[in-house]
Amino acid sequence: MKRILTIAAGVLLAGSAMAQVNEFQVAVDRFAHADYLRNASVGVCVMDVDSGTVLASNAPDLAITTASTMKTVTSASALALLGKDYCFHTTVSAIGELKGNRLRGNVVVKGFGDPTLGSRHFASHPNIVAEVVAALDSLGVKKIDGSIVYDESAYPFETFSDNWMIEDLAYDYGPGVHAINFHDNLVKLSFDRSGTEATDFVFTPAIGNCQVISHARVGDVQNMYRLLNIGPNPNIILYGDIRRSDKRYVDDFVNPNPAQLLCDSIEHSLKAADIDVKNKRIKPEDLQDTLLVVDHRSPQLTRIVASLLDRSDNMFTEALLRAIARNDGKDATAANGMAAVKRLWESKGIDTKPLFQRDGSGLARNGKATARFFAQMLRQANADSVATGVRLASLMTHLGVTGNIGKQIKNSPLKGKIASKSGSMGDVQCYVGYFPADCPKYTWAVLVNNWQGSRSHLKDEIETLLLNLFTQRKGESRPADE
């Protein structure tokens, strides 16, 4: 009799699980089979965190352009390989003879890829410029015979991903990553547009050795494009149409040489503190001694990851990818970073053939992955949180509170309970994440390319799908000790 009851209970549990699976699949089918997605690539996967069972799916093994959801792959990899407390270092040394209040030599800034130097997103973090001024002042330095120079030898000159489109490189979302990054690698460019052509180009902060070449027409419409030409004599090229106005045009542009801007900022601040910089040429034989003046540390990795995921910062993410490569003992290139990422997930039993990673951030149009891969990777990252000491879900946006969808979720019991990372570019709209955010029970991925209709409608429908998947009993968080 006991055996019969046990079997009956098992059948009931199986039936309950199947009903839940069916509820998930009904919601996915309702979304994926809509008429406006008839010609679209639609990958969906909902996975149980405990068992790894796929509860519902649509084309889960179709490789689809991911856009910025790729940042979750790089971020999770960085947490696993670098550790949550990892910090970037930037050193500043006095090289030459320090005699009395005089440095007969140069001040050298050596960078190791910190993306946060001078960043407006970490304005409360110690400022490297102020640190240098304070350190030299404490040493009693009043004169520097040489110059403030930079050393980027720790990183090969790669800057931008080979897979990024040239059209992206001058825009505020496309700054490359350098051994020395500063001020988010951006400057403001303004110019007069009141006449028949653009004139009086001004960079703020001021940068040297960068020319603006305008092929744009000034007239009745605004349809201006920009290109960045990097090299020994970088320039920004404008083309298209600029709307005529009495107000100056102003926008953020990529700075092709952030290291020089940092050195210039240090020099200006030193002079303001009555420390004279002579900019004399120093003989090599006089540059024998080295004194470490500042060892600047970035914010911890968890803060960097939370910031880049919230703002979808491409440069910050590419910096992590190169830090992964350097940590692996290789040159700090994107290719070496991606190789280390692939090995990481393969070592954990995840098939990486469905991952077509072409950069760290997802700005590369040919970067693709499958919905199943994302669900598996996120599940493994959650399991790794025991070792890493931080849940990736806690660093992601929580829909209804943060994130770029959530109008419906904001007014539902799921407010703040769905952890998500979005990704979007032309004809691409993707979301991946966890539920519940505080103690994940499910991982999920929704990847859509080439739909018909508006982006806002698609985002509303994805939000509806998430509500249909996780509302009511599925929305209850598990106790944290489960």
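# Close-up views of the predicted model

**View 1. Cys-210 and Cys-263 without a disulfide.** Cys-210 has a relative accessibility of 13% and therefore counts as buried; the cut-offs are under 20% relative accessible area for buried, over 50% for exposed, and in between for partly exposed, with a 1.4 Å probe and protein chains only. The model is predicted: local features need pLDDT of at least 70, side-chain atom pairs count only at pLDDT 80 or more, and totals for chains, interfaces and linings use all residues. Residues are numbered from 1 along each chain as its sequence is written, and side-chain values use heavy atoms, with hydrogens and water left out. A search of the whole structure for disulfides, defined as pairs of cysteine sulfur atoms within 2.5 Å, gives zero. Cys-210 is in no disulfide, and the nearest cysteine sulfur, that of Cys-263, is 17 Å away. That distance is too far for a bond. Cys-263 is buried as well, with a relative accessible area of 1%.

**View 2. The partners of strand S13.** Helices (H or I, at least four residues) and strands (E, at least two) are DSSP runs numbered from the N terminus, and two strands pair if DSSP finds at least two bridges between them. Strand S13 covers residues 235-243 and runs parallel to strand S10 (residues 211-214), with four bridges. In this pairing Gln-211 is opposite Asn-235. Strand S11 (residues 217-219) is also parallel to S13, over three bridges, and Gly-219 faces Arg-243 there. Strand S12 (residues 223-229) pairs with S13 in the antiparallel sense through seven bridges, and Leu-228 stands opposite Ile-236. The hairpin of S12 and S13 has five residues between its strands, and Gly-231 in this hairpin takes a positive phi near 140°.

**View 3. An open sheet of six strands.** The strand order is S2-S1-S21-S20-S19-S18, and the pairing is antiparallel. At the edges are strand S2 (54-58) and strand S18 (397-398), each of which pairs on one side only. Strand S19 (residues 419-425) and strand S20 (residues 428-435) run antiparallel and are joined by seven bridges. Within that pair, Ser-420 stands opposite Gly-433.

**View 4. Packing of helix H5.** Helix H5 spans residues 301-311, and its buried residues are Leu-301, Thr-302, Ile-304, Val-305, Ser-307, Leu-308 and Leu-309. These residues pack against helix H2 (70-82), helix H6 (314-327), helix H9 (392-395), S18 and S19, where contact means heavy atoms within 4.5 Å. Ser-312 follows H5 and has a positive phi, near 55°.

**View 5. Aromatic pairs, with Phe-191 and Tyr-249 in the centre of the legend.** Rings of Phe, Tyr and Trp (its six-membered ring) pair if their centres lie within 6.5 Å; planes under 30 degrees apart count as stacked, over 60 as edge-to-face and the rest as tilted. By this rule there are 12 aromatic pairs. The ring centres of Phe-191 and Tyr-249 are 4.8 Å apart and the planes are at 15°, so this pair is stacked. Phe-191 lies in strand S8 (residues 186-192) and Tyr-249 in strand S14 (residues 249-254), so the pair ties together parts that are 58 residues apart in sequence. Phe-191 and Tyr-249 are both buried. One aromatic cluster is formed by Phe-24, Phe-435, Tyr-442 and Phe-470.

**View 6. Arginine charges over phenylalanine rings.** A charge sits over a ring if NZ of Lys or CZ of Arg is within 6 Å of the ring centre and within 35 degrees of the ring normal. The charged end of Arg-226 sits over the ring of Phe-253, 3.6 Å from its centre. Arg-311 lies over the face of Phe-316, with 5.0 Å to the ring centre.

**View 7. Salt bridges.** The structure holds 21 salt bridges, each a side-chain nitrogen of Lys or Arg within 4 Å of a carboxyl oxygen of Asp or Glu. Asp-35 and Arg-38 form one of them, with the closest N and O atoms 2.3 Å apart. Asp-35 is exposed at 53% relative accessibility, and Arg-38 is exposed at 62%. Arg-102 and Asp-145 meet at 2.9 Å, N to O. Arg-102 is partly exposed at 30%, whereas Asp-145 is buried at 8%.
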